[in-house]
Structure formats: C-alpha cells, structure tokens
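Please keep the sequence and the structure in view while reading.

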Amino acid sequence: MALPENFGTDLARGIGAIALYAIVGLVLMLIGFYAIDWTTPGKLSDLVRAGRPNAVIVTASGMVSMALIIVVAIFFSASDLTAGLITSVVYGLIGIIAQVLAVRTLEWVTKLDVGSTIEDERFAPASVVVAAVHIALGLIVAVAIS
C-alpha cells in the first residue's frame, strides 16, 4: 500500500497552516483580552489574579466570546493560505472591535455598574448578566462574519 505522490508535501503544508492559524488565533485572543481589559472599568487581569469571582466570570465569558469570533473568522477565511490568514486577521480584528463596542454600549444602556460588580469579593448576579451579554454578542458577531 503506497501513499499518494504528494502526501509529504501536503502534510507539511497542512502542518504549516495549522501553526500559522494557531499563531493568528493566539495573537487575536491576546488582542481580545487586552481590548476587554482596557475597556472594562478596573484592571481585569489584576482582579482575576486576586480571585475576584465576578472579574473571573466576566473575563472568561469575554474570552469565550472572542474565541467564537476568531474561530468563525478562521473557518470562513479564504481557501488560499495567505488570503485566509489575511481575512482571518481582518475579520478577527473587526469582530473584536464590534464585540467590545456592542458590550460597552449594552452596559451603558442597561446602566450596569460593571466596575463595582467585578471588584466585589463576593459573587454578584449581575456578573452573570454581563457574561451572558459577552457570549450572546460574540455569537451575533461570529454569525455576522459568516
């Protein structure tokens, strides 16, 4: 039983593509984290390290919503590797911006005091609402990309 003629070349290209998309995804996740951290009252990364439960909930939901956006941006990128990487980055960045703006707008409209909520040392039910908003808007933006 012999392997197809271009098996090695195709395998190497596939591994390279996986590595490049993983790097793009990681960079976009980092940008997404810092976008959430920068636009949320309080320093999320410090609050998460301090074990503030509401900050953990809001941060985790924000990261899940960013991942949804990035996964869909990668999934619907062009079949050509270079074009696919470029469209993934562009769609991912636009998705992150749209997500941050939408969540902040919704928080402003609903008058949720996110700063006080995430700094609280005890669980606050409002953090679940903020988390739900993050995930719901992440889904909406992800579908808009597709």
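Predicted model: local features only at pLDDT ≥ 70, side-chain atom pairs only at ≥ 80, totals over all residues.

Q: Are helices α1 and α4 roughly parallel or roughly antiparallel to each other?
A: The axes of α1 (residues 7–39) and α4 (residues 81–110) come within 10 Å and cross at roughly 15°, where axes are lines fitted to C-alpha atoms, for helices over the stretch in contact, and angles run from 0 to 180 degrees between N-to-C directions. Angles under 35 degrees count as roughly parallel, over 145 as roughly antiparallel, 65 to 115 as roughly perpendicular and the rest as oblique. The two helices, α1 and α4, are therefore roughly parallel.

Q: How many charged residues does the contact of α1 with α4 have?
A: Residues of α1 including L20, V24 and L28 meet residues of α4 including L85, S88 and R104, contact meaning heavy atoms within 4.5 Å. In the classes used, Ala, Val, Leu, Ile, Met, Phe, Trp, Tyr, Cys and Pro count as nonpolar, Asp, Glu, Lys and Arg as charged, and the others, Gly among them, as polar. The contact has 14 nonpolar and five polar residues, and the number of charged residues is one.

Q: At what angle do α1 and α3 pack?
A: Among the residues of α1 that meet α3 are Y21, G25 and F33, and on the α3 side they include T59, M63 and I70. This contact divides into ten nonpolar, four polar and no charged residues. The axes of α1 and α3 (residues 53–75) lie 9 Å apart, and the packing angle is about 140°.

Q: Is S88 buried or exposed?
A: S88 is placed in helix α4, and its contacts, not counting residues up to four places away in sequence, are Y21, V24, L28, A73, I74 and S77. Buried means under 20% relative accessible area, exposed over 50%, and partly exposed in between, with a 1.4 Å probe and protein chains only. Because its relative accessibility is 0%, S88 counts as buried.

Q: Which residues does T40 touch, not counting residues up to four places away in sequence?
A: T40 is found in the loop between α1 and α2 (44–49), and at 3% relative accessibility T40 counts as buried. Leaving out residues up to four places away in sequence, T40 touches R104, V114 and I118.

Q: What value is phi of K111 near?
A: K111 lies in the loop between α4 and α5 (114–119), and K111 is exposed, with a relative accessible area of 66%. Most residues other than glycine have a negative phi. K111 is a residue other than glycine with a positive value, and its phi is near 60°.

Definitions and conventions
Residues numbered from 1 in each chain as written. Heavy atoms only, no water. Helix = DSSP H or I, 4+ residues; strand = E, 2+ residues; numbered from the N terminus.
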